[in-house]
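Me: Hi! I'd like to walk through a model with you, starting with the overall layout. Can you put it up?

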Amino acid sequence: MTKSFIYTYNNFLKNFLKNNYSLEESVFKEVSNHINFFDMPKNSQHGDLSTNVAMMYSKKLNLNPRDLAQKIVNAFNDNKKELFIKKIEIAGPGFINFYLNPTIWQLSLRDILDNINDYGYEDVGQGERVNIEYVSANPTGPLHIGHCRGAVIGDVLASLYERMGYQVTREYYVNDAGGQINQLISSIRYKIKSFLSINTEEDVLIYNGEYIEIISKEILQKYSRAVIEDPDCDEIIRQYSIDYILKLIKNDLKKINIKHDVFYSEKSLLDSGEIPEAIQILKQKGFVYWGKLEQPINQENIDVIDREQELFKSTNFGDDIDRAISKADGTHTYFASDIAYHNNKIKRGFIKLINIWGADHAGYVARLKGSVKALTNNDASVEIILCQLVKLFRDNKPVKMSKRNNDYITIDEVVDEVGPDAIRFMMLFRKADAPLDFDFVKVCDKSKENPVFYVQYAHARIHSVFRNWNETNKKKFDEEISNMSSNFDLITDPNEIDIIKNMSYFPMVIRNALITNDIHKIAYYLHDLASEFHSLWNHGNDHSEMRFIIENKELTQQRLCLIYCVAGIIKSGMDILGVTCPESM
RNA sequence: GCACCCGUAGCUCAGCUGGAUAGAGUAGGUGGCUUCGAACCACUUGGUCGGGAGUUCGAAUCUCUCCGGGUGCGCCA
């Protein structure tokens, strides 16, 4: 794994600050942890690299920003040659602008090419285990397109962590116990009875999708009508339907290439006695007490029983109120089993936990984070990434998704129409905490407007250049490339240099995406890189000497290496996003 | 009522551990295929970064407040 040369500048700067100034501990830490102090200015008058570090730290070091800047400049100037610095200027209130010897870009291209398969990735995690939980939709029906967003975000985040040296477990929590499952069971019991025409008034149909009918028929077929008299009827239905629905869900996930390592069953947690065990830990630490909760505001239609109950002190961790862990009927709440579930993750050795949730669970964050802190004395952390809900439309008309009325936009529908790549990229081409409008008709009709094709097209165009070269040279470029020891001295055009600059920034993008958990930054970067490539291509249309394949064989080879790198970075970025990069389309 | 998220070009959105003239797609206008794939490119029109105040050398970015929209607020999961 190689880092961009920008890291060299960063480390030089960081060491300079650490070695020459007595930094307070907090400032020292801040300097150490800062990903990157260097920008590539949009305005070329501001040099090739610039930093505002002198202005950031002048106050903390009790110095005039321009004086601090001058000291930094002197330090860099002492190593001018090794750092390929042509000149450094201090501008405005204290910006430091670096003008670099152009050979740095040629060297950078060499570096990218030599490490093309893992350029930009570093071993940040050093084998640390991380548990990423995503989807975890109740097994009461198939997935719909709205579930996709969290699924894709979780899946991509897991890939990113893997690439950055973490040992990742991708997990799905199966809520196969509790009230909603009971509703599922009674819906199926209703359906079976209605097939037998023996419904009574007590029976209710709550979930009513096509799958309910299929499951009911299959159960009848397998167990005959005697099943309804069987004392274990509910258990038979429970097992059969959950198996069936889970199969549907796994099948849907497979269609958009979502992977999980572990499907963890809530029922197994119940049966294993881990819930009282986890609660006991909290009790011992004094986070559980008996008390009364106040009547919730504006929730008159909810029956609140006036009684003492077991509560978790989530207010200690910033929650609004303490939260119940047992119900009036003596059973545990969902929260209690979630505490036990996260305790189980911790028992399995994870101290870094990440959960992807829909924004409708935002109110649940404080109590869960609190419980994990309480369980582990703050040793383990759980990060919760909330993604805003997907608003679904069908030709501008909102679609209300409900497992109960069977008004779905299924994953099938969309995959069949536009394919998994388009769905995944669309879900990723927006930051997680912004709502996403998903219009089925628009997505299918205008699939070519999906930015995924723009990026894929750049990749395909590059490969078409190789196909051309292979044709005339009667050999394969990608097989030749390992023999090419070019120093890229002919790559000097500003348009070419710009694209090398952009590629040199890829490691910072990846690192930043990891630190902030913002996957969309990778998608935007790739779109931008593709744009620069398309521009370079058309530059060749306007100026024939700027085409990739030209008479000068040496220059042709160097240019092909350049675009080989562009394709390589697009490919490696798209791999993380789980989107394919065809060589022709 | 409380909490969280959002408010940036006509529309859909980037940019936010503060930085130099606010970016892209789309829509509107003008050009570019005898030559590596036009699913593309170049140029152009378009913005009180929701309003106001504060911190700062410097605010779309941080703080406060107000307005507008979304999502939650259960002994459901």
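Me: Thanks! Which domains does the assignment give for chain A?
Reply: The assignment lists domain 1 (6–100), domain 2 (108–112 + 119–124 + 450–577), domain 3 (129–174 + 260–390) and domain 4 (179–255). These bounds come from an automatic or database domain assignment. This is a predicted model, where local features need pLDDT of at least 70, side-chain atom pairs count only at pLDDT 80 or more, and totals for chains, interfaces and linings use all residues. Residues are numbered from 1 along each chain as its sequence is written, and side-chain values use heavy atoms, with hydrogens and water left out.

Me: How far apart are the C-alpha centres of domain 2 and domain 4?
Reply: Those two centres are 54 Å apart.

Me: On to packing. How many residues are in the largest nonpolar core?
Reply: That core has 157 residues, and Y9, F76, F98, M503, M574 and L577 have the most contacts inside it. Helix α21 (residues 553–577) supplies the largest share, 12 residues. A nonpolar core here is a set of buried Ala, Val, Leu, Ile, Met, Phe, Trp, Tyr and Cys residues joined through side-chain atoms within 4.5 Å. Buried means under 20% relative accessible area, exposed over 50%, and partly exposed in between (1.4 Å probe, protein chains only). Helices (H or I, at least four residues) and strands (E, at least two) are DSSP runs, numbered from the N terminus.

Me: And what is F76 in contact with?
Reply: Setting aside neighbours within four places in sequence, F76 is in contact with Y9, F12, L13, F38, L83, I85, I88 and F98. Contact means heavy atoms within 4.5 Å.

Me: Changing topic: how many salt bridges does the structure hold?
Reply: There are 26, counting a side-chain nitrogen of Lys or Arg within 4 Å of a carboxyl oxygen of Asp or Glu.

Me: Which residue does K501 pair with in a salt bridge?
Reply: K501 pairs with D48, with 3.0 Å between the closest N and O atoms. K501 sits in helix α18 (residues 494–504) and D48 in the loop between β1 (38–39) and β2 (49–51), so the two are 453 residues apart.

Me: Is that pair buried or exposed?
Reply: K501 is buried at 16% relative accessible area, and D48 is buried too, at 14%.

Me: What about K283 and E310, how do they meet?
Reply: Their side chains form a salt bridge, 3.0 Å from N to O. K283 is in helix α11 (residues 274–284) and E310 in strand β9 (residues 309–312), so the bridge ties together parts 27 residues apart in sequence. K283 is partly exposed at 38%, while E310 is buried at 13%.

Methods. Chains are lettered from A and ligands numbered from 1 in the order in which they are written.
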